[in-house]
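This briefing groups its points by topic.

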Number of protein chains: 2
Amino acid sequence: MKLVEQKTDQAIEILNELNIDLWLIYVRKTSEIHDPSLYFLLEETWLTWQTVFLISRNGRKIVICGRYDVPNVEHLGIYDTIIGYDESIKHDLLKVLKELNPNSIAINFAEDNVAADGLTHGMWLRLNKMLENTPYKEKLISSDNFLAALRGRKTPTEVERIKKAVEISERGHKRLADSVKLGMNEQDLEKILLDFAEENNVTVSYPPLINIGAETTIGHGKGSANIVLKPGDLINIDFGVFYEGYASDIQRLNYVLKENENLPSKEIQEAFKTVIKAISTGAEKLKPGVKGWEVDFAARKIITDAGYEEFKHALGHQIGLNVHDGGCLLGPKWERYGQSVMYEVEEGQVFTLELHVFVENHGFCSIEEDVIVTKDGCEFLSKRQLELPLLKL
Amino acid sequence: MKLVEQKTDQAIEILNELNIDLWLIYVRKTSEIHDPSLYFLLEETWLTWQTVFLISRNGRKIVICGRYDVPNVEHLGIYDTIIGYDESIKHDLLKVLKELNPNSIAINFAEDNVAADGLTHGMWLRLNKMLENTPYKEKLISSDNFLAALRGRKTPTEVERIKKAVEISERGHKRLADSVKLGMNEQDLEKILLDFAEENNVTVSYPPLINIGAETTIGHGKGSANIVLKPGDLINIDFGVFYEGYASDIQRLNYVLKENENLPSKEIQEAFKTVIKAISTGAEKLKPGVKGWEVDFAARKIITDAGYEEFKHALGHQIGLNVHDGGCLLGPKWERYGQSVMYEVEEGQVFTLELHVFVENHGFCSIEEDVIVTKDGCEFLSKRQLELPLLKL
């Protein structure tokens with residue numbers, strides 16, 4: 001079964017579960033600004049005129065689109081009704097709504113869930129104008145919970161794609177560890193990974209993040225040509241890819257032994273153990289029903305109790321269509337995360353577990369794994385890093 | 001001068017011209033949903049956390065972004081102030097607004113201009129909450145006119161990029177006319193163009209549209225493997241590319257002579273002349289100050305006066321960052337086009353001029369040119385098609 005078919009069928013199930021009559025997606029010129037949920041409705045197809053998708057709890061799948069877009073939508077073979085219009089979408093929309101007569105209409109806006117916030121404010125105004133003096137204007141609700149479920153609960157096809165993305169990333173990490181040499185700079189290491197991605201015909205799910213030693217800048221920025229690998233450095237690599245639209249996101253850590261050194265310093269060993277323990281603690285906590293912030297709190301406490309400065313980001317985000325997939329977040333109760341950390345974890349969601357501590361003079365000790373939530377716990381999709389490879393270069 | 005520098009400088013000029021104190025762009029997770037105006041502020045860089053850009057009429061260029069995104073923004077070398085935050089953007093935003101004390105704040109929402117409608121409804125709600133109980137909430141206005149000007153008025157760098165994209169498309173059309181053979185189907189022709197784009201290291205600005213003969217389906221859909229080239233067919237090709245982020249959009253027409261035929265039928269000759277005349281009429285009408293619908297009306301009248309069915313789309317859209325660039329549209333006063341056809345044309349805007357008539361038994365007679373508005377008229381960027389090539393295959 002095609003992914004679009006799986007996800008639209010799943011949408012109907014979730015509408016019934018959440019007691020929502022209709023999901024309405026209103027978009028225009030999707031090459032310019034693209035509602036993230038369109039992937040489940042169209043995969044890669046683009047639409048040029050204003051379009052409305054309607055998925056109803058009783059199983060209807062309807063599209064109202066510009067007449068020139070009709071062949072594109074027909075091609076998908078998913079929608080039971082495809083209406084092409086010329087001058088205005090309003091007439092057909094009102095006619096279909098009258099026929100469906102929904103009591104609740106979920107539309108894509110959400111303050112704290114980027115994946116459910118595809119409706120622009122201008123389109124929200126347009127929609128409200130079209131529904132003026134109809135009973136439907138008062139039926140509009142946010143699709144936040146609905147889309148968190150639809151995007152979070154991975155179908156078998158989605159899990160297979162993510163697993164494949166994880167496997168490719170792991171091979172990329174291996175390639176890097178095998179290729180790295182003293183004197184290489186951060187951009188050299190980045191190039192090894194970009195070349196690997198090209199060879200394997202995949203795109204990176206974000207620019208690879210390379211952090212060498214203690215002078216590096218941590219963050220989402222490009223690596224530096226001035227930061228050069230030397231003995232005693234920790235090498236932290238954050239590298240993920242897209243496989244058929246689905247992302248992986250994995251960090252691996254290596255250490256370059258100094259001359260006459262057989263083990264890293266106590267500080268590094270201690271930091272590494274603490275990071276591993278924090279990830280284990282997060283994974284033990286992660287299961288259906290727990291709130292996002294509770295998982296973050298358990299892992300974060302291991303770090304702060306050990307006396308390290310706490311990491312300034314969430315322990316884990318979902319992955320899927322995007323490397324940061326929105327919905328339930330395993331993060332602290334900071335204003336910027338809003339409600340996302342208050343959601344309950346659900347079976348079928350895929351999360352990262354990632355955190356770091358800084359080791360004076362050596363760099364960032366940081367690991368990231370990808371896990372899927374099971375019926376009563378979670379399972380690692382990545383082969384967990386439990387040892388610190390000691391490179392003699 | 002970098003494009004981001006040109007466009008942010010131009011933004012400051014336009015703010016002064018329109019008497020707007022501040023342009024505020026509020027975005028988050030820009031790899032997931034991307035405000036179209038970000039290209040002028042960042043080019044290709046992505047941001048992971050919520051970010052606010054502030055461009056003021058007195059020349060300030062400020063960014064407030066997540067701490068891990070700071071190096072990415074610094075790297076651009078454009079912003080005079082870059083503030084990194086950890087837990088919430090609100091505190092720094094209010095502090096900066098207090099310092100700037102604007103009387104009007106343009107934000108990116110617009111009902112009829114996709115390029116100015118990058119703020120999602122959820123982000124609009126967030127922004128309003130942050131500004132609750134401050135004087136700034138009442139100062140918010142739509143950036144519609146501002147962005148129509150910023151996006152429409154091409155800088156020299158932008159014009160150069162579009163010219164180059166036009167030149168590459170024209171070579172693609174030439175390649176196709178030289179390669180086409182009887183018995184090829186629409187997908188074969190598509191492949192010629194996709195291979196050409198790959199060879200030339202550019203991406204298409206939309207999937208090439210191939211229409212062969214009278215049985216084809218016109219629209220934005222993929223060509224058919226069942227529609228095969230035969231003598232007497234019109235071949236209409238719509239092919240554009242992106243060059244350094246900027247689009248071209250050009251249609252060319254060829255005719256395949258029948259055996260023993262030296263000229264196409266009267267019907268085809270008449271249709272071709274009418275299409276050329278309509279484009280000439282549109283081009284003559286196109287100059288600063290004229291309203292979009294007036295240009296469309298003049299060209300459309302040529303078609304309907306000649307007794308043809310009118311084309312069900314606008315005569316011309318702007319091109320630039322996108323192949324449909326928003327803002328002023330040369331289109332009819334149909335509801336779906338809203339206010340966009342009421343705008344006045346401005347110098348420096350780049351438009352397509354495109355229209356078709358259908359010729360019974362032969363197919364679509366359709367041409368599309370790209371033009372730039374000058375001080376008192378317009379100039380063709382494409383080498384205009386004035387003859388119908390007659391292919392003997």
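This is a predicted model: local features need pLDDT of at least 70, side-chain atom pairs count only at pLDDT 80 or more; totals for chains, interfaces and linings use all residues.

Is the crossing in which α9(B) passes α10(B) left-handed or right-handed? The crossing is right-handed.

**Helix pair in chain B**

- Helix α9 of chain B spans residues 266-285, and helix α10 of chain B spans residues 292-305.
- Their axes lie 8 Å apart, and the two helices pack at an angle of about 160 degrees.
- Because angles over 145 degrees count as roughly antiparallel, α9(B) is roughly antiparallel to α10(B).
- From α9(B), the contact is made by Thr274(B), Lys277(B), Ala278(B), Ile279(B), Thr281(B), Gly282(B) and Lys285(B).
- From α10(B), the contributors are Glu294(B), Val295(B), Ala298(B), Ala299(B), Ile302(B) and Ile303(B).
- Sorted by class, the contact of α9(B) with α10(B) has 7 nonpolar, 3 polar and 3 charged residues.

**Sheet in chain A**

- Chain A holds an open sheet of 6 strands, in the order β4-β3-β2-β1-β5-β6, with mixed pairing.
- The edges are taken by β4 (81-85) and β6 (140-142) of chain A.
- Each of these edge strands has a single partner strand, so one side of each is left without a neighbour in the sheet.
- From one strand to the next, the twist averages 25 degrees.
- Strand β1 (residues 22-27) of chain A pairs with strand β5 (residues 105-107) of chain A in the parallel sense, over 2 bridges.
- Opposite Trp23(A) stands Ala106(A), in β5(A).
- Helix α1 (residues 3-18) of chain A lies across β1, β2 (51-56) and β3 (61-66) of chain A.
- The angle at which α1 of chain A runs to β2(A) is about 60 degrees.

**Relation between the chains**

- Chain B is superposed on chain A by a rotation of 180 degrees with 0.0 Å of shift along its axis, at an RMSD of 0.0 Å.
- That relation is the one of a two-fold axis.
- The copies meet through the same surface, because 100% of the interface residues of chain B are also interface residues in chain A.

**Interface**

- In the interface, 49 residues of chain B are in contact with 49 residues of chain A.
- On the side of chain B that touches chain A, α3 (70-74) and α5 (121-130) of chain B each supply at least two residues.
- Of that side, α5(B) gives the most, with 6 residues.
- By class, the side of chain B that touches chain A has 17 nonpolar, 17 polar and 15 charged residues.

Notes. Residues are numbered from 1 along each chain as its sequence is written. Chains are lettered from A and ligands numbered from 1 in the order in which they are written. Copies are superposed by least squares on the C-alpha atoms of residues with pLDDT of at least 70 in both. Two residues are in contact if their C-beta atoms, placed from the backbone, lie within 7 Å. Axes are lines fitted to C-alpha atoms, for helices over the stretch in contact, and angles run from 0 to 180 degrees between N-to-C directions. Helices (H or I, at least four residues) and strands (E, at least two) are DSSP runs, numbered from the N terminus. Angles under 35 degrees count as roughly parallel, over 145 as roughly antiparallel, 65 to 115 as roughly perpendicular and the rest as oblique. A crossing is left-handed if the near helix is turned anticlockwise from the far one by less than a right angle, and right-handed if clockwise. Ala, Val, Leu, Ile, Met, Phe, Trp, Tyr, Cys and Pro count as nonpolar, Asp, Glu, Lys and Arg as charged, and the others, Gly among them, as polar. Two strands pair if DSSP finds at least two bridges between them.
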